[in-house]
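Work through the exercises below with the sequence and the structure at hand. Try each task before reading its solution.

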Amino acid sequence: MSNDSDTDELLTNEQIHLVQSTFAMVEPIADDAAVMFYDRLFELDPSLKSLFSDDMAAQRKALMSTLKVAVKGLTDLDSIVPAVQQLGARHSSYGVKDEDYSTVAQALLWTLEQGLGAEFTEKVQAAWTEVYMLLAGIMIDAAQSAAGTTESQNQEGAMLQQVSNVETGQFK
Ligand code: HEM
């Protein structure tokens with residue numbers, strides 16, 4: 001049994017498979033999906049719009065290519081953790097707040113539901129929620145370490161609670 005990593009076995013093989021296979025279904029319509037995602041995000045919280053530059057086409061590309069690397073890297077989480085931490089630290093410099101991660105979770109899950117239709121089963125939703133919570137948790141922790149905060153655990157706990165409310169349908 002490998003016990004040398006704190007990111008081992010956080011996701012089941014089934015969850016990884018569900019996320020990778022459904023991401024592959026959305027990939028052919030990646031740009032449309034990204035348009036839907038940002039439309040939904042700004043509908044949920046119009047104030048987030050001011051954080052982004054005007055070049056939304058570049059933004060859509062960056063988001064999708066990063067998601068692709070992250071989804072591929074789920075089978076070897078340790079290999080993507082450093083990049084996810086750096087991404088999290090950059091996000092705090094963009095003005096992203098901890099609570100914004102749950103708004104993004106809602107927009108992402110909604111977009112997947114639109115793109116996947118009947119394939120968006122409860123198991124798929126739970127697997128994506130798990131993966132998002134994991135990545136967002138790493139990003140938030142890294143952002144807080146960069147900012148020298150000591151309340152990391154509390155704030156992250158609150159965010160993760162909000163994201164799991166998405167999973168149980170409380171935000172629908
Ligand atoms: C798992 C979660 C997320 C991923 C994978 C992700 C991915 C990315 C990527 C790849 C970039 C391109 C720039 C860079 O690499 O630093 C970016 C920029 C950005 N993201 Fe995220 N992001 C996530 C969560 C969020 C959240 C929660 C917000 C809050 C609204 C957000 C807002 C932004 C903003 C404002 C920028 C800069 C845009 C610009 O300069 O125009 N992101 N994100």
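**Exercise 1.** At what angle do helix α1 and α6 pack, and how far apart are their axes?

Solution. The model is a predicted one.
Step 1: find the two helices, α1 at residues 13-26 and α6 at residues 122-147.
Step 2: read off the geometry. The angle is about 100°, and the axes are 9 Å apart.
Step 3: classify the angle. Angles of 65 to 115 degrees count as roughly perpendicular, and α1 and α6 are therefore roughly perpendicular to each other.
Step 4: list the residues that make the contact. From α1 come Q15, L18, V19 and T22, and from α6 come K123, V124, A127, W128, E130 and V131.
Step 5: sort these residues by class. The contact of α1 with α6 has six nonpolar, two polar and two charged residues.

**Exercise 2.** Check whether the span of α6 agrees with its number of residues.

Solution. 
Step 1: α6 has 26 residues.
Step 2: the expected span is 1.5 Å times one less than the number of residues, so α6 should span 38 Å.
Step 3: G148 follows α6 and has a positive phi, near 70°.

**Exercise 3.** Describe how helix α2 packs on α3.

Solution. 
Step 1: α2 covers residues 30-44, and α3 covers 56-72.
Step 2: their axes lie 10 Å apart, at an angle of about 110°. That makes α2 roughly perpendicular to α3.
Step 3: α2 brings A30, D31, A34, V35 and Y38 to the contact, while α3 brings M56, R60, L63 and M64.
Step 4: the classes in the contact of α2 with α3 are seven nonpolar, no polar and two charged.

**Exercise 4.** Are T121 and F120 exposed, partly exposed or buried?

Solution. 
Step 1: T121 lies in the loop between α5 and α6, and F120 is found in that loop too.
Step 2: count neighbours. T121 has 12 C-beta neighbours inside 10 Å, so T121 counts as exposed. F120 has 18 other C-beta atoms within 10 Å, so F120 is partly exposed.
Step 3: compare sequence with space. T121 and L18 are 103 residues apart along the chain, and their C-alpha atoms are separated by 9.9 Å. For F120 and L18, the separation is 102 residues in sequence and 9.9 Å from C-alpha to C-alpha.
Step 4: leaving out residues up to four places away in sequence, F120 touches L112, E113 and Q125.

**Exercise 5.** Which helix supplies the largest share of the shell around the ligand?

Solution. 
Step 1: there are 19 residues around the ligand, and L51, S53, T66, D100 and V104 come nearest.
Step 2: α3, α4 (77-93), α5 (100-116) and α6 each supply at least two residues of the shell.
Step 3: α3 gives the largest share, five residues.
Step 4: by class, the shell has 13 nonpolar, four polar and two charged residues.

Technical notes: Residues are numbered from 1 along each chain as its sequence is written. This is a predicted model: local features need pLDDT of at least 70, side-chain atom pairs count only at pLDDT 80 or more; totals for chains, interfaces and linings use all residues. Helices (H or I, at least four residues) and strands (E, at least two) are DSSP runs, numbered from the N terminus. A residue is near a molecule or strand if its C-beta atom, placed from the backbone, lies within 6 Å of it. Ala, Val, Leu, Ile, Met, Phe, Trp, Tyr, Cys and Pro count as nonpolar, Asp, Glu, Lys and Arg as charged, and the others, Gly among them, as polar. Axes are lines fitted to C-alpha atoms, for helices over the stretch in contact, and angles run from 0 to 180 degrees between N-to-C directions. Angles under 35 degrees count as roughly parallel, over 145 as roughly antiparallel, 65 to 115 as roughly perpendicular and the rest as oblique. Two residues are in contact if their C-beta atoms, placed from the backbone, lie within 7 Å. A residue is buried if 20 or more other C-beta atoms lie within 10 Å of its own, exposed if 12 or fewer, and partly exposed in between; C-beta atoms are placed from the backbone.
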